[in-house]
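The structure is shown below.

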Amino acid sequence: MSRLRIAELTVVLTFLSTVVGQNPSYQLDPDWRPSEEAARKTNPLAHKSQAVAGGKKLFLRNCAECHNQDGSGILKKHSADLQLAVVQAQSDGALFWKITNGNPDRGMPSFSKLPELERWQLVLFLRTLQPPSGGP
């Protein structure tokens with residue numbers, strides 16, 4: 001097999017593994033909404049870009065098992081694709097509230113035991129998640 005053919009096959013397999021593993025069909029749970037007050041909260045770390053690295057570490061340790069390392073969600077686990085515009089359009093306060101409270105009806109645990117600033121770091125990291133080029 002030529003090197004070009006191997007490279008083409010690698011690209012196709014990588015694409016397929018991404019599509020099969022992620023959960024682009026994720027729909028928001030209409031009953032899982034923060035109060036207006038919670039949604040209006042602002043991230044106290046919003047201007048501390050260096051905190052994103054800590055958020056990524058926390059995400060990989062606590063969230064990647066269900067949401068994938070790139071946040072694309074895992075279809076088999078019915079977890080949210082955190083790259084989707086419908087997720088990214090939520091306020092920082094709403095994302096913080098969801099991380100804090102979880103959604104037991106959909107299998108999302110509460111992370112209220114994490115210190116508050118670590119949950120805000122997670123929100124910072126979530127803001128960096130983007131779908132792959134040409135993705136959903």
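In this predicted model, helix α6 (residues 92–101) and helix α7 (residues 116–126) have axes that come within 9 Å and cross at roughly 125 degrees. Because of that angle, α6 counts as oblique to α7. The crossing of α6 past α7 is right-handed.

On the α6 side, the contact is made by Asp92, Gly93, Leu95, Phe96, Ile99 and Thr100. On the α7 side, Glu116, Arg119, Trp120, Leu122, Val123 and Leu126 take part. Sorted by type, the residues of this contact are seven nonpolar, two polar and three charged.

| Residue | Relative accessible area | Class |
|---|---|---|
| Lys98 | 8% | buried |
| Thr100 | 14% | buried |

Lys98 is classed as buried because its relative accessible area of 8% is under 20%. The value of 14% for Thr100 also falls under 20%, so Thr100 counts as buried.

Which residues does Lys98 touch, not counting those up to four places away in sequence? They are Leu28, Trp32, Gln90 and Met108.

With neighbours within four places in sequence left aside, Thr100 is in contact with Ser110, Phe111, Ser112 and Arg119. Arg119 belongs to the α7 side of the helix contact, and its side chain is joined to that of Thr100 by a polar contact of 2.8 Å.

Definitions and conventions:
Residues numbered from 1 in each chain as written. Predicted model: local features only at pLDDT ≥ 70, side-chain atom pairs only at ≥ 80, totals over all residues. Heavy atoms only, no water. Axes fitted to C-alpha atoms, helices over the stretch in contact; angles between N-to-C directions. Helix = DSSP H or I, 4+ residues; strand = E, 2+ residues; numbered from the N terminus. Parallel < 35°, antiparallel > 145°, perpendicular 65-115°, else oblique. Left-handed = near helix turned anticlockwise from the far one by under 90°. Contact = heavy atoms within 4.5 Å. Nonpolar A, V, L, I, M, F, W, Y, C, P; charged D, E, K, R; others polar. Buried < 20%, exposed > 50% of the residue type's maximum accessible area, 1.4 Å probe, protein only. Polar contact = N/O pair within 3.5 Å; in protein donor to acceptor, adjacent residues only side chain to side chain.
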